[in-house]
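Here is a quick tour for someone who likes cut-offs spelled out. Have a look at the model first, then read on.

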Amino acid sequence: MIRFVFGRLISVILTIWFVATLSFFLIRLAPGNPFANELRGATPEVTEAKKREYHLDLPLREQYWIWLRGVVTGDLGPSMKYRGKTVNEIIRQTFPTSIALGSVAMVFAVVLGMMTGVIAALKKNTPIDYGLMAVAVFGISLPSFILATLGIVVLVFWARLFPLAGWETYSNVLLPGLALSLPFAAKISRLTRVGMIEILGEDFIRTAHAKGLSERQIVIKHALRGAMLPVVSYLGPAFALILTGSLVIEKIFFIPGLGTIFVQAATNRDYNVVLGTVVVFSSLLCFFNFVVDLSYTFLDPRVKPVSGR
Amino acid sequence: MSIAVTKPTTRRRAWVEHPLSLPINVSMVLWILSFIAVSLLANAPWAVTPVMFVWLLANSAAIVYVGMHLTVPLDAPRKSESEVVAEGTSLFRDAMYRLRRNQMATGSMVILLLLMLACFSQFALFHLIPVIKGKDRAAFASDSFYALHLDHTRTNEGETYEPPTAQHWFGTDSLGRDLFARTLFGGSVSFLVGIVGTVVSVSVGVSWGAVAGYFGGRVDEWMMRIVDILYGLPFLFLVILIMTLVNGLGNVASSTDQKFAEAAAAEKAGDTDKANAILSEITPDQRTASIVTKFMPPIVVVFVAIGLVSWLTMARITRGQVLSLKEREFVVAARAIGARAPRIIFRHIVPNLMGPVIVYSTLTIPEIMLSEAFLSFVGLGISEPNCSWGSLASEGLAGVNIIKPYWWLMVYPAAALSLSLFGLNFIGDGLRDALDPRSAK
Amino acid sequence: MLLDVKNLKTHFPTQTGLVRAVNGIDLQVREGAAVGIVGESGSGKSVLSMTMMGLVPSPPAIISADQVQFEGKDLLKATASEMRQIRGNRLAMIFQDPMTSLNPFLTIGDQLSEPLLIHKNLTSSQAKKRVIELLASVGIPDPVARYRSYPHEFSGGMRQRAMVAMAVACGPALLIADEPTTALDVTIQAQILELMQSIRQNEGTAVILITHDMGVAAGFCDEIYVMYAGRVVERGPTERLFAEPTHPYTKALLSSVPRLDDPPGGRFRTIPGQPPDLTNLPVGCAFSPRCPYVIDTCRKEVPPLTTVPGESVAREKACFVEIRGKEAGQ
């Protein structure tokens, strides 16, 4: 167990380092610099001074070391676009928003998906099953931005059920969260249905029937756990996709989250902000995957926690 | 002792046994290839005639293909036991019958092929007609069919934000460009990204998974460890960074190209000094950017970038299949009777691999189209004046407001995108159910 | 009579036609008896046992019978919840494959205590104590530690022992064992059969043993039913039935069992032809296409199950032809 945790920790650190380094060189290779607009027409001396302020005059390798040293000590550096703000401050302000959106979407996806999946499996090959699965195909196919726009038009413009946009109250999180979660709910629903049907066809379910257990007891105690396994292993990739999906949702609903900041910073070449966000997102993702793997070994007694797998 | 004698039944020839099925499948591939060719050779006059020929041939093939699929009898011929023993059952033929019985999949196939036909036709005609007629794009009269319905780049200041009319079937956008032409063009881009991206991702994924699965042991462990790690990466963030880099290079390159053109113009006018002055302003970096983008246009980078990040699942599926196939009785039996490795691989493993690979490829196309739409929506995919369904929907979203809803800007591209994604998903699901009937039950 | 089944039919409608898996079966089991049901695979043995347990979902299956009387109650008329109270409590079942019949996600103890918790209203600590006793009684070493093991940590034989323990946990009146030893080694087979024998003797539990292995049936049962194509073709006390079969199918089945004293290199004796297609049964006797004694009547009428004449014990057969003392083809 300890070896497992330790092995995972090393691979997590390596992964984050790899992503951060790759991002560092990618964004640095991109033409342009953070001050292109600000210093248009400024004298070379001013530009040089500005560059020196952010160590941009040093060779790339040294800049990389300076930045990496900062990351290790938890300092992601100053923003190059937002005057006098550090990246840590920016992340501290926007991160809770993104986390709220992401977790709402995640919870919606899991609850909605597993519920409909179990129902469809139990009502296999009935109109209920066909209906739910048709909706699921729509959910998987429809891009979230189209869903979100539909949601806005129907629920906000026509029914006026939700506030338009922004991020003042937490009721604002519901509609974006739902729009973000639907494709994943659909996917989880299909995974649950298939897993459930497979498990319900197993011999040990017949044994459980022979013991005199009720349908409900069988589903909850004997089938659900096995049926959850494919869902659990999908949660890792789903979380990554939800994080990236939030970029679009944040744009549509004007939510000041980390995703919006990231896209803006990438276009503005606000190097430190871009890299800071990447580091934060990768760490979050690695941590989440670690938790998922850990829970997998608890869910399935046949899987022994060996390092890495 | 008596055995029940079955009457010989006359059976309709199954369509996959049709003598033309191979040429038609080949021309389907040519159909796709011809569009890639058109996009690359669009401005070369010598290529027009052959490309046009292939294109016409392939279009007719596509229509025949749909037609033949629709003529597959809905009821598979009842096979008596003796018949089964006599000829064996072709798994593929059975699968096709099941696919044909799946109305959603068949309907999707027809709609999707028609949609692709329309999109690719606009794509081809947009490039080909000016070459054939020997006219510049701008030289077409503003009420000609070409200008109205095929040219997605023609702006018209007098006709901005026109709702759908008899002239502009899908309305016009903020620059007065015809949305019908733009939707079709966006479709070609989206489909091409989907198809080429899938080819990239399937090639990488299948080779990676097959190697890992076939060699097993240490090799397998390390290769799959890498896949596991890559799974944990926020890939789209990297793609966004790549796109930032590529778009930045593209901007530099286009301004550099402009300078080159100015210098050439000055040279032509006899003003060598001015030309040299302009040329000397161009930095080596700008030159590099200009050359790099010549070889790697941003759209290609979109294909490759998305394809390169979506091969992981394919690799896992292939590895799992190969691992289990390797140990299956029929492979062990083949090995036991002394079959050589190539025979085992091509006769026993590859055919059994085809099913999952085909199914998963079909499901990868919509996924990649979705990623492209997503990138374009964020503003990092395809750049103006080109467009894809994602970038059109992004423009459309800007038009959705309470005061003056320019609904058509959103509705048509979004509907086309959703329709294709539904279609591809239904076909993928249908194929999976057809190839692996157990999975549906 | 503990179990009295009359004219039980289980049919499955499919796309290719009605599959008559069980096609009119009569079955009687006395308290404490050991009854064997033998037949080729596909003869409907398993469907019969599943139908009696109420484990065949209907619809789609079409189940009908004149009666399925168990402990004075008609199982076919019982409601779902009544049936649940009988299953696992008075009527228990052991399945063929112990590898897949136990839930891999739950501990052995968890699964074994379930019937006690739902049928006997024990508290969980009482149930645990009882389960440990049960595990010990079926011969699982170190039952206290094994209580917390998962099925994958057990060997095949141990799993089947656990299955037996689970089935007899509530002290059932009738235990249906569906090929309980088929997936096991020969030595383990003997141990499991011995275990079931001792349970039968100690607890007075009646056992229906379903098997295709004539040796197993001969060693365990007092009475044998021979099934073919969803019907009983012959029944009788074990010794008489094996000594002198009165149905051609029983005879063929017995002679196809390889014997240790067969000369090496000789051909195996098989029954010519294929088991019938259950959707498309031949008119008349289902065995008639493969039968060496066939006469014209066999191809026209279904032979009813009638008492075998000239026997001191109760024997029945479903055949028009007297085959005792006859050679095939005469």
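Predicted model: local features only at pLDDT ≥ 70, side-chain atom pairs only at ≥ 80, totals over all residues.

## Ground rules and chain A overall

Let's start with burial: a residue is buried under 20% relative accessible area, exposed over 50% and partly exposed in between, using a 1.4 Å probe and protein chains only. Residues are numbered from 1 along each chain as its sequence is written, chains are lettered from A and ligands numbered from 1 in the order in which they are written, and side-chain values use heavy atoms, with hydrogens and water left out.

Helices (H or I, at least four residues) and strands (E, at least two) are DSSP runs numbered from the N terminus. Chain A has eleven helices and zero strands. Its C-alpha trace spans about 85 × 55 × 30 Å along the principal axes. Contact means heavy atoms within 4.5 Å; of the chain A contacts with a separation of 6 or more, 75% come from residues 24 or more positions apart.

## Two packed helices in chain A

Helix α4 (residues 87-122) and helix α5 (residues 127-141) of chain A pack at about 145 degrees, with axes 8 Å apart. Axes here are lines fitted to C-alpha atoms, for helices over the stretch in contact, and angles run from 0 to 180 degrees between N-to-C directions. On the α4(A) side the contact uses Thr116(A), Ile119(A) and Ala120(A), and on the α5(A) side Ile128(A), Asp129(A), Leu132(A) and Met133(A). These residues divide into five nonpolar, one polar and one charged, where Ala, Val, Leu, Ile, Met, Phe, Trp, Tyr, Cys and Pro count as nonpolar, Asp, Glu, Lys and Arg as charged, and the others, Gly among them, as polar.

## Rings, and charges over rings

Rings of Phe, Tyr and Trp (its six-membered ring) pair if their centres lie within 6.5 Å; planes under 30 degrees apart are stacked, over 60 edge-to-face and the rest tilted. Searching the whole structure turns up 21 aromatic pairs over all chains. In one of them, the ring centres of Phe25(A) and Tyr64(A) are 5.4 Å apart with planes at 40 degrees, so the pair is tilted. Phe25(A) belongs to helix α1 (residues 2-29) of chain A and Tyr64(A) to helix α3 (residues 60-72) of chain A, so the pair ties together parts 39 residues apart in sequence. Phe25(A) is partly exposed at 29%, whereas Tyr64(A) is buried at 7%. Ring pairs also join Phe24(A), Phe25(A), Tyr64(A), Trp65(A) and Trp67(A) into a cluster.

A charge sits over a ring if NZ of Lys or CZ of Arg is within 6 Å of the ring centre and within 35 degrees of the ring normal. Lys251(A) does this over Phe377(B), at 5.0 Å from the ring centre, and Arg225(B) over Trp222(B), at 5.7 Å.

Which helix holds Arg182(B)? That residue is in helix α7 (residues 179-215) of chain B, and it is buried at 0% relative accessibility. Beyond its neighbours within four places in sequence, its contacts include Asp173(B), Glu384(B) and Glu395(B). Arg319(B), in helix α13 (residues 312-327) of chain B, is buried at 18%.

Over in chain C, helix α1 (residues 45-53) is mostly covered, with seven of its nine residues buried. Just after α1(C), Gly54(C) takes a positive phi of about 75 degrees.
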